[in-house]
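Subject: Structure for your review

Dear colleague,

Please find below the structure that I am handing over to you.

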Amino acid sequence: MEGAARWTREQDKLFETGLVIYTEGTPDRFSRIAERVPGKSVSEVHQHYQLLVRDMLEIEAGHVELPNYLDDFVLSSTNQSGTTTSTSKAKERKIGIPWTAQEHRDFLLGLTERGRGDWRGISRDFVKSRTPGQVASHAQKYFIHINTKPNKKVRKRSSIHDTPL
């Protein structure tokens, strides 16, 4: 299938920049964007755009649950002197929700299908309950885990990364 080839992070950024520069209604919009994205044809750029629009419509229709980013909110409080102070939740340590075995299996399927680095695609098509950043973080831990040589003296506790497909 044409357009199914992986997009690198750099290509995605160039694509997004092209969308900002060449707004809707620009003559030859997708040709101009394709000129900015090395290795991608006009049809691949157009298909990538259609997938983006589809994803946005799914989000707007409420079919995709948006992640709850705690650091998006700023808490305000009034101290004893009546001065309003703001604290960002980003400064607090966020405790992540552990991955389920099913999420990890879906991650492995996505990794097999999409390959290393397409965290956005894996998040969108395989592990819909996790953001691309969460998928990337999980992948980093997974690769560290599988590349670590076991120490025979120390008994290793079980890990979600040991879950097979």
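Phe 107 is buried, at 0% relative accessible area; buried here means under 20% relative accessible area, exposed over 50%, and partly exposed in between, with a 1.4 Å probe and protein chains only. Please note that this is a predicted model, in which local features need pLDDT of at least 70 and side-chain atom pairs count only at pLDDT 80 or more, while totals for chains, interfaces and linings use all residues. Residues are numbered from 1 along each chain as its sequence is written, and side-chain values use heavy atoms, with hydrogens and water left out.

Aromatic residues

There are five aromatic pairs in the structure (rings of Phe, Tyr and Trp, the last by its six-membered ring, with centres within 6.5 Å; planes under 30 degrees apart count as stacked, over 60 as edge-to-face and the rest as tilted). One of them joins Phe 107 and Tyr 142 edge-to-face, with 5.7 Å from centre to centre and 80° between the planes. Phe 107 belongs to helix α4 (residues 101–114) and Tyr 142 to helix α6 (residues 132–147), so this pair ties together parts 35 residues apart in sequence. Helices are DSSP runs of H or I with at least four residues, numbered from the N terminus. Tyr 142 is also buried, at 13%. Ring pairs link Trp 99, Phe 107, Tyr 142 and Phe 143 into a cluster. Over the ring of Phe 143 sits the charged end of Arg 116, 3.6 Å from the ring centre (NZ of Lys or CZ of Arg within 6 Å of the centre and within 35 degrees of the ring normal).

Salt bridges

The whole structure contains nine salt bridges, each a side-chain nitrogen of Lys or Arg within 4 Å of a carboxyl oxygen of Asp or Glu. Arg 130 and Glu 103 form one of them, at 3.1 Å from N to O. Arg 130 lies in the loop between α5 (119–125) and α6, and Glu 103 in helix α4, so the pair ties together parts 27 residues apart in sequence. Both Arg 130 and Glu 103 are buried.

Asp 125 and Arg 114 meet in another salt bridge, at 2.1 Å from N to O. Asp 125 is partly exposed at 29% relative accessibility, whereas Arg 114 is buried at 19%. Arg 54, Asp 55, Arg 114, Asp 118, Arg 124 and Asp 125 are linked in a network of salt bridges.

Yours sincerely

How values were computed:
Helix = DSSP H or I, 4+ residues; strand = E, 2+ residues; numbered from the N terminus.
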